[in-house]
Amino acid sequence: MTYTNNFLTQKPVDHARHSCAQKNLCYIHDMNDLKLYNFFRSSTSYRARIVLELKNLKYTYVPVSLSSGEQNQDSYRKVNSLGGVPTLDHNGKLISQSFAIAEYLDEVFDSGLQLLPADPYLRAKIRQVCEIINADTHPLQNLKVLQYLEKILSASADQKQQWMNRWISDGVNAVENVISQFAGDYCFGNEPTVADAFLVPQVFSAARFNVDISACKNVLRVNENCIKHPAFVKAHPFRQPDTPADLKVN
Ligand SMILES: N[C@@H](CCC(=O)N[C@@H](CS)C(=O)NCC(=O)O)C(=O)O
């Protein structure tokens with residue numbers, strides 16, 4: 001299928017691959033029903049792709065290039081008024097915010113894994129991990145924040161690095177603290193939950209921004225397990241239709 005860098009003119013890429021490898025029901029959804037506006041390297045997009053894969057859902061990949069500022073074009077602002085990715089389109093119903101997307105998919109689709117357990121305490125702890133990453137860590141490393149530091153506040157490369165070291169390691173340490181009481185192979189026991197879909201992209205970002213999280217042993221062990229799981233493999237930033245050729249992996 002053809003692919004262009006512009007989400008306005010491109011033809012959809014059939015990115016979704018259905019796999020029956022996971023337990024539970026095998027629910028094949030018409031790929032036209034679900035579209036994900038996203039960007040290969042965006043960690044919030046990566047979360048949504050992991051969730052779609054863990055739920056065994058087919059979807060159409062609609063690239064929005066953050067490198068060329070497509071998130072700020074009027075046409076995309078009509079899809080997502082804050083100019084962020086991802087945005088999910090389910091039969092014309094638009095949902096932004098990766099956490100809302102994850103919960104929506106888990107509630108609406110019976111396929112694949114259940115990503116939030118029924119037990120209220122465990123659900124709350126899983127949401128706690130997601131929010132540490134979503135609310136208290138990722139916003140401080142977001143492109144627009146880093147651009148503001150550099151262009152408006154004239155922060156040097158060194159100051160930006162200090163900023164990321166401080167906020168990313170604070171966030172990942174807080175996740176380490178929570179999961180150390182619950183982790184098995186994954187953040188909560190031995191099956192992936194939505195917490196893992198948030199943790200893996202945050203570890204990817206820590207590496208991308210050269211932040212040392214080597215003290216977070218549970219986080220690193222869980223991350224190593226996750227990245228071998230087929231859903232996480234498919235969702236990886238370097239395996240997407242808009243991944244530049246020099247970054248692509250098999
Ligand atoms: N909390 C939102 C954040 C969305 C967001 O801002 N995503 C980043 C990419 S990781 C983005 O689109 N940034 C665009 C920019 O900073 O201009 C979510 O979880 O979906």
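Just after helix α8, Asn-210 takes a positive phi of about 55 degrees. Helices here are DSSP runs of H or I with at least four residues, strands are runs of E with at least two, and both are numbered from the N terminus. This is a predicted model, in which local features need pLDDT of at least 70 and side-chain atom pairs count only at pLDDT 80 or more, while totals for chains, interfaces and linings use all residues. Residues are numbered from 1 along each chain as its sequence is written.

α8 has 15 residues and reaches 22 Å from its first C-alpha to its last, close to the 21 Å expected at 1.5 Å a residue. The expected span is 1.5 Å times one less than the number of residues in the helix. Of the 15 residues of α8, 12 are buried, and the helix is mostly covered. A residue is buried if 20 or more other C-beta atoms lie within 10 Å of its own, exposed if 12 or fewer do, and partly exposed in between, with C-beta atoms placed from the backbone. Among the buried residues of α8 are Val-194, Ala-197, Leu-199 and Ser-205.

The largest one has 55 residues, and Val-51, Val-129 and Leu-199 touch the most other members. Helix α8 gives the most to this core, with 8 residues. The core also draws at least three residues from each of domain 1 (13-114) and domain 2 (120-231). These domain bounds come from an automatic or database domain assignment.

Leaving out residues up to four places away in sequence, Val-51 touches Ile-101, Ala-102, Leu-105, Leu-115, Val-194 and Ala-197. Two residues are in contact if their C-beta atoms, placed from the backbone, lie within 7 Å. In α1, 12 of the 12 residues are buried, so the helix is largely enclosed by the rest of the structure. α1 has 12 residues and spans 16 Å from its first C-alpha to its last, close to the 16 Å expected at 1.5 Å a residue.

Just after α1 comes Asn-56, with a positive phi of about 60 degrees. Asn-56 is found in the loop between α1 and β3 (60-63). Asn-56 counts as buried because it has 24 C-beta neighbours inside 10 Å. Gln-97 also has a positive phi, near 80 degrees, in a residue other than glycine. Gln-97 sits in the loop between β5 (93-96) and α3. Gln-97 counts as partly exposed because it has 18 C-beta neighbours inside 10 Å. Another backbone feature is the cis peptide bond that joins Val-85 and Pro-86, where omega is about 5 degrees. Pro-86 lies in the loop between α2 (74-79) and β4.

The shell has 16 residues, of which Ser-42, Gly-84, Ser-98, Leu-143 and Lys-144 come nearest. A residue counts as near a molecule if its C-beta atom, placed from the backbone, lies within 6 Å of that molecule. Three helices, α1 (43-54), α3 (98-108) and α6 (143-151), each supply at least two residues of the shell. By class, the shell has 5 nonpolar, 10 polar and 1 charged residues. Here Ala, Val, Leu, Ile, Met, Phe, Trp, Tyr, Cys and Pro count as nonpolar, Asp, Glu, Lys and Arg as charged, and the others, Gly among them, as polar.

Gln-141 lies in helix α5 (residues 138-141). Gln-141 counts as buried because it has 21 C-beta neighbours inside 10 Å. Gln-141 and Met-164 are 23 residues apart in sequence, and their C-alpha atoms are 6.4 Å apart in space.

Over the protein chain, the secondary structure comes to 10 helices and 5 strands. Buried residues make up 39% of its 250 residues. Among contacts between residues at least 6 apart in sequence, 74% join residues at least 24 apart.

Methods
Core = buried A, V, L, I, M, F, W, Y, C linked by C-beta atoms within 7 Å.
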